[in-house]
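Biologist: Please take one part of this model and look at it closely. I would like a connected account, with the cut-offs stated.

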Amino acid sequence: MKAVLSAELLKQRSTRTLPGVFAAMLGLVLLAVLLHTLGLPARDLSTSSLQLMVLGRGEFLAALFSAILGALSITAEIRHGTIRPTFLVTPRRGRVVAAKVSVSVLIGAGFGLVAGAVAAAAGTAALRARGIEMQIVGGDYVLLVAGAAAAAALWAVIGVGVSALVRHQVPTLIGICAWLLFVEGLVAGDVGGLGSVRRFLPGSAAAAISGQDPGTLLAPAIGLALLALYAAAAALAGSIAISRRDVG
Amino acid sequence: MTKRIDELGTHTPPEGGARDPVVTVSSLTKRYGEILAVDDLTFSLHPGTITGFLGPNGAGKTTTLRLLLGLAEPTAGEALVFGRRYRELDDPARRVGAVLESADCHPGRSGRDHLRALALAAEIPPDRVEEVLELVELGTAASRRVKTYSLGMRQRLGLAAALLGDPELLVLDEPANGLDPAGVHWLRRFLHWFAEQGRTVLVSSHMLAEAAQTVDHVVIIDRGRRLASGRLDELTEPGCTLEDVFLGLTGGAS
């Protein structure tokens, strides 16, 4: 298992995918946080809940990009055919998926720490520069950063699991983006009377971990447990599916 | 590339019964919906032989190799390597090396890193990566990204990957594709050297003239079914080429 793990780490280090995805995430985090903190009227940034929502863009984007990176760890191998030599060397495919899950957790946690910290720091600096009083305190910051790390790590696992199920790169990435950017938003908008289930969905569970929207979302610990269940289910389903199906 | 083949040293013959078949394919069948890609195929390979796996395009050669290598599951029958299903081998990279037709590598990764990742997973020491890179003459291109490689270089990178574990069985799917005449010549000499060590080669091809110069046994299939198999010199009567035999069997003779 250690051998497969070091092989997966080398795969991540030896292409430009990881730095590319990381740079895209960081750029979007800064853009989103600064646009909100500098662009919104001061009254829309005055409460703790509103400030948490803006600074929580770090968690959201870290979760999204970690899921994409986790998915790419499988779909890129399928797309370029390297999945064949990978499975020839390690025919117990569950081990390959487990190694990809472990490496994705590591990278996702790193993405979350950086995105969470950058969003908190840049957002706070921008709000202070506008003379807006910070309503969130030390403990909120810890939760923002640590929660982003946990949420991104678990969403990376969801990315691995979903990609092992779907296998094709484009539908996998569209599916992940559509879910996080659109579907959960529809549910939150109470389309079809589903507003009450929104907090149990994986994107909202991720936001809950970093302490956002405490009135509506689950408590951070419950969100963490729920998202961990989603991640475990996705990884297990993906591992079983890819072990049973033929490799094209 | 000719010199180095003689410098490779000798391979320690595998333990156990040397006469046991290396590959046993029995009643192997693979169905994709309506299409019977492999139909009740039976053959076996013995140590020290180079077997040409021949058939027209779409005959089921690549599907058979994927079934043999555990990448796909048969609908019926079985394909065994060293008496076991590939996916049940303990250390597959040290027993079987394979180059599939698609020469599978990530365009943005260097040739060396491609091999290093496989070597790490198979617990093969990093020195061996440099050895196989030298062997296929990719030493100078090894740190370049694969997207800059020619088709022939990608084929050689695939061969290097297959040889990482110094395997006893080599499975090659259309290996001459993209190789220049010198590369084809080198590959032929290499396969002869490989088989002289008591190791076994299964090589699929539709290039019959080249195959006839390389292989000593053939399995000819069409539409998933075996048409003929055996020693090349027994199948081709004097004055009759492998091409004549092949076209006669596959109905392609005019």
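Modeller: Take helix α4 of chain B. What covers its buried residues includes α1 and α5 of chain A, together with α3 (92-95), α5 (126-135) and α6 (151-163) of chain B. Helices here are DSSP runs of H or I with at least four residues, strands are runs of E with at least two, and both are numbered from the N terminus. Contact means that two C-beta atoms, placed from the backbone, lie within 7 Å.

A word on the source. This is a predicted model: local features need pLDDT of at least 70, side-chain atom pairs count only at pLDDT 80 or more, and totals for chains, interfaces and linings use all residues. Residues are numbered from 1 along each chain as its sequence is written, while chains are lettered from A and ligands numbered from 1 in the order in which they are written.

Back to the helix. α4(B) is mostly covered, with 12 of its 12 residues buried. A residue is buried if 20 or more other C-beta atoms lie within 10 Å of its own, exposed if 12 or fewer, and partly exposed in between; the C-beta atoms are placed from the backbone. The buried residues include G111(B), R112(B), D113(B) and H114(B). Among them are also L115(B), R116(B), L118(B) and L120(B).

The 12 residues of α4(B), 111-122, should span 16 Å at 1.5 Å a residue, and the end C-alpha atoms are 17 Å apart, which agrees. The expected span is 1.5 Å times one less than the number of residues. An α-helix has 3.6 residues a turn, so residues three or four places apart point the same way. Just after α4(B), E123(B) takes a positive phi of about 55 degrees.

Now the chain A side. The contact between the chains takes 22 residues from chain A and 29 residues from chain B. On chain A, α1 (2-13), α4 (57-80) and α5 (83-89) each supply at least two residues of the side that touches chain B. α1(A) gives the most to that side, with 6 residues. The residues of this side of chain A divide into 11 nonpolar, 7 polar and 4 charged. Nonpolar covers Ala, Val, Leu, Ile, Met, Phe, Trp, Tyr, Cys and Pro; charged covers Asp, Glu, Lys and Arg; the others, Gly among them, are polar.

So much for the surroundings. To recap, α1 and α5 of chain A are among the elements that cover the buried residues of α4(B).
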